[in-house]
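Visitor: I would like to learn how to read the features of a model like this one. Please take me through them briskly.

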Amino acid sequence: MDTFQIQVLLRLLALNAVLLPLAHGSIHFYDFVLKEQNFTKLCVTKSVLTVNGSFPGPEIRVRRGDTVFVNVHNHGYYGVTLHWHGIKQPRNPWSDGPEYITQCPIAPGTNFTYEVQFTNEEGTLWWHAHSDWTRATVHGAIVILPSEGTTYPYPKPDDEEVLVFACWYKESMRELLELALETGSDTPRSDAYTINGEPGDMCPCSIETTYRMLVDYGKTYLLRMVNAVLNADLFVSIAGHNLTVVGMDGAYLKPIDTAYVMITPGQTMDVLITANQPLSYYYMAARQYSSDGLDVTNYDHSNATAILQYRGNYSAPERIPFPSTLPSYKDNVAAVAFTDRLRSLATEEHPVNVPQNVTTRMFVLASMGVLICPNSSCGGIYGDRLASSLNNFSWAHPSIDILQAYYRNISDIYSTNFPDFPGILYNFTGDDLPLNISVPTKGTVVKVFDFNETIEIVFQGTNIIDAAEAHPMHLHGYAFYVVGTGIGDFDVDTDPQGYNLVDPPYVNTVAVPKSGWAAIRFVADNPGVWYMHCHLDRHMTWGMDTVFIVKDGGTTATSLRPPPAYMPPCENSTSSSQLFNILDKEARLVMMR
């Protein structure tokens, strides 16, 4: 046992009696080294930030109820934080990771240890950087096996494969992003999507490195899918093979037999496939589901491919079959049809507990918009700066993290007036909406909940500046039940009558459909500071985020834990997100005149 592990165990012994009621699992230790690494893809060699030199990064493998300590050493050139996506981290937002929300970045040349406490999560989740768009190459899967003495709620597969879908930029994505934020223009689009780090046969200079999954005829495999793409939903299909979806976001689903899946950024899925076709090669393919308008064509059109390759004695095919069941880029019907089928398993071993008696209702608009630039001097639509918002508030990162300000009662860092409802009502999904509703208020505005409030949030997409698009909304520190979704404006009288309160999916990221709505429910039983944002990174960067603060309960066991002895300091920490906040100060001054 090394010095780091001994120090952690001593800390556990000191805290466990009162503050750290660990689940009855094992303790694991990981060392993550953030460092630059050269990769050649799409005929271009460039350096990107990685963990331990790999893309995607290392896999974390645990059992339900385990605890993991990850010591992150930053050998890169700029500050970074890591987030453990979908892990609830009970009472411990200090290790949740989003920069300027629960911590400041880990500066170059320093390190920070995260404590990741698993509770009822089971299946596949993932970890990723939560600083600007650094997660493009800093991410990896988390495999959570059933606890000792239990097993899967379906026949145990013969083997499994982790499939991480990501995106690749030929140029420096960080430089492209900073330029876009400086000018207020649209953010960069990727040049290719990847499967386990490789674009595949259909992209330039990629045939030799295409990822291959080897299978044996007659065996069943569990595919652990992670959508780590920055800004795109994906359709995924495998030629000649049916898929059975059995889990999502670290929870089990009623099995769904399907020819394809639609997976949004941030989501994870557990999918069974049986190798029952003639011995050969078969393409696995992923392509973007582009939910914006038909006239929008500047998205990444690449088809990422991997090869499902049977073991055995046979001649390689002259032409590898491509999945004919893969939906087209703009197939809204296919996307909605898939998500409408999701249902929790809802068995005695894996029960659901859907909140029935709501105490707090919120109606939150997810909108695009603009911040006015003087003399139409910016690069966005109308010569203004592109922005996004929730209930017409566009998030601005503070100078220190919200968690520190909340815990230490530091004033003037954030305000607590995030509205439960939008300030004005209109036809949210209509065409040609008036421009006077397209300018949000920039600010650091949070919502505060009492402990154990039962909350329902209806997310409503809008068509402001003709920019209706699907929004994968993600909440840190919680999973929630998606009790309903629909197309068009939410009808408060009729739509709740169709809610599924029996077996709704239990997830951490919900796909709010284009020009539609999604209703979620959860109980605010995890005290702390928790980020809520769109998982399209360009929308998050532009301000489609807020923070939920959940107050302490009446006991130590229902109260926020104290901070660890060391947290990364906020002095001299910078990010592209803060650049956006600085640059739009002039825009805010113009709006105030």
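Guide: Start with charge. Lys and Arg count as positive and Asp and Glu as negative, while His and the chain ends are left out. Each charge is placed at NZ of Lys, CZ of Arg, CG of Asp or CD of Glu. In the protein chain, the mean positions of the 37 positive and 61 negative charges lie 2 Å apart. This is a predicted model: local features need pLDDT of at least 70, side-chain atom pairs count only at pLDDT 80 or more, and totals for chains, interfaces and linings use all residues. Residues are numbered from 1 along each chain as its sequence is written, and side-chain values use heavy atoms, without hydrogens and water.

Visitor: How many helices and strands are in the protein chain?

Guide: Both are DSSP runs numbered from the N terminus: helices are H or I with at least four residues, strands are E with at least two. The protein chain has seven helices and 32 strands.

Visitor: What does the radius of gyration say about the protein chain?

Guide: The radius is taken over C-alpha atoms, and the globule rule is 2.2 Å times the number of residues to the power 0.38. For 593 residues, a compact globule would have a value near 25 Å; the protein chain has 23 Å, which agrees.

Visitor: How do I read burial, and is Pro157 buried or exposed?

Guide: Buried means under 20% relative accessible area, exposed over 50%, and partly exposed in between, with a 1.4 Å probe and protein chains only. Pro157 has 11% relative accessibility, so it counts as buried. Its place is the loop between strand 8 (139–145) and strand 9 (159–168). Contact means heavy atoms within 4.5 Å. Beyond its neighbours within four places in sequence, Pro157 contacts Tyr152, Thr220, Tyr221, Leu222 and Leu272.

Visitor: Which residues have the most contacts inside the largest nonpolar core?

Guide: A nonpolar core is a set of buried Ala, Val, Leu, Ile, Met, Phe, Trp, Tyr and Cys residues joined through side-chain atoms within 4.5 Å. The largest has 88 residues, and Met225, Ile457, Phe459, Val510 and Phe522 have the most contacts inside it. Strand 18 (residues 281–289) gives the most to this core, with five residues. Apart from it lies another core of 26 residues, including Phe32 and Leu49.
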